[in-house]
Amino acid sequence: MKGGYPRDEGLGTYDYEGWRVPRGDQPAREPSYPTDRPQRVKAPPYDGSTPWEDYVVQFELIAELNEWDERTKALQLAASLRGKAQAVLADLEDGKRRKFSTLVDSLVQRFGRANQTELFRTLLRNRSRQSGETIPELAHDIQRLLSKAYPKASVEMKETLAKEAFIDASGDSDIRWKIYQARPKSLKEAVCIATELEAFNLAEQKKGVTKRLGVRALSGKEPGSNGKTDTGKLDGTNDIAAVMLKGFSDLTQHMTNLFKRESQQGLKHDNKDRRTPLKCWNCGEEGHLRRHCPNPKKEVSTEKGENKLENDPKSAS
């Protein structure tokens, strides 16, 4: 045997760890690595859509795990930038792109929460519950906006602000007033109260719909029941309403006929007056009466043969 594995020229095999293996089937040896070397972890990409403060904390932990120095951290961070965050590199000089602290400062100015607090405060003030949005979803978004609007506020202050912002964003004035009356001490209590109130209102609405459907079903006449149901009071009310409606209809018809009759009679009188115009008995002219005649009064003979003037007070005596 000349080094390596023992060979059997007659059978065309060789010994490998006590086994007879055909020639040419020797398995390849796997390379061995030191087991005490830590495994490398790649930094995730950053495009500016997530908070920079959250990303940089994770990046620092990955840099510590990989034992990166300052220059390597700067190069790894630059290689991880995407989209809007990648545009920050073009604003830096060539030497500053390899300084980790300078690169971090530029990203903080562009994507840090400190420069966007006013924007998030405005969004928080104008936040209202959207159509189809659940109460827990609203509370979660309130907390997210609050953490960005007041990043340096204490835990107690954030809890109070979150509770008040949630109540104002609830939408329904009745629910807001009832939550205020309950005086919740935290956002969690306010969410529980709002959820219970909403469930109660939904149950009441469903109960009202069921009640209206039941009334409709009871008011309908079943075949062979002669209009009688188990709710006699309801049937009596319907009968009274029907009688009143019929009486009102008859009265309306009667008044209409009466008005028509009077209008026809008035029209006949008007036509009659037009056919027989006024005529004065004194002068014989039309258009006025004798007592209004402007002409001199004519003498009228009486039964005794006396001549008297009409409308003469002496003759009247």
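A crossing of two helices is called right-handed if the near helix is turned clockwise from the far one by less than a right angle, and left-handed if the turn is anticlockwise. Please keep in mind that this is a predicted model.

## Helices α3 and α4

With that in hand, look at α3, which passes α4 in a right-handed crossing. On the α3 side, the contact is made by Lys84, Ala85, Val88 and Leu89, and these meet Leu103, Ser106, Leu107, Arg110 and Phe111 of α4.

Helix α3 covers residues 83-90 and helix α4 residues 100-111; the two pack at an angle of about 130°, and their axes are 10 Å apart. The pair is therefore oblique.

## Helices α1 and α2

Now move to helix α1 (residues 52-66) and helix α2 (residues 70-80), which pack with their axes 11 Å apart and at an angle of about 135°. Angles over 145 degrees would count as roughly antiparallel, so α1 and α2 are oblique to each other.

Helix α1 contributes Trp52, Tyr55, Phe59, Glu60 and Ala63 to the contact, while α2 contributes Lys73, Gln76, Leu77 and Ser80. Here, too, the crossing is right-handed as α1 passes α2.

## A nonpolar patch

Which residues form a nonpolar patch on the surface? They are Leu251, Met255 and Phe259, which together have about 300 Å² of accessible area. Leu251 can be found in helix α10, spanning residues 232-275.

Technical notes
Residues numbered from 1 in each chain as written. Predicted model: local features only at pLDDT ≥ 70, side-chain atom pairs only at ≥ 80, totals over all residues. Heavy atoms only, no water. Patch = residues over 30% accessible without salt bridge, like charges linked within 9 Å, V, L, I, M, F, W, Y side chains within 5 Å. Areas by Shrake-Rupley, 256 points an atom, 1.4 Å probe, with all protein chains shown as cover. Salt bridge = Lys/Arg side-chain N within 4 Å of Asp/Glu carboxyl O. Helix = DSSP H or I, 4+ residues; strand = E, 2+ residues; numbered from the N terminus. Axes fitted to C-alpha atoms, helices over the stretch in contact; angles between N-to-C directions. Parallel < 35°, antiparallel > 145°, perpendicular 65-115°, else oblique. Contact = heavy atoms within 4.5 Å.
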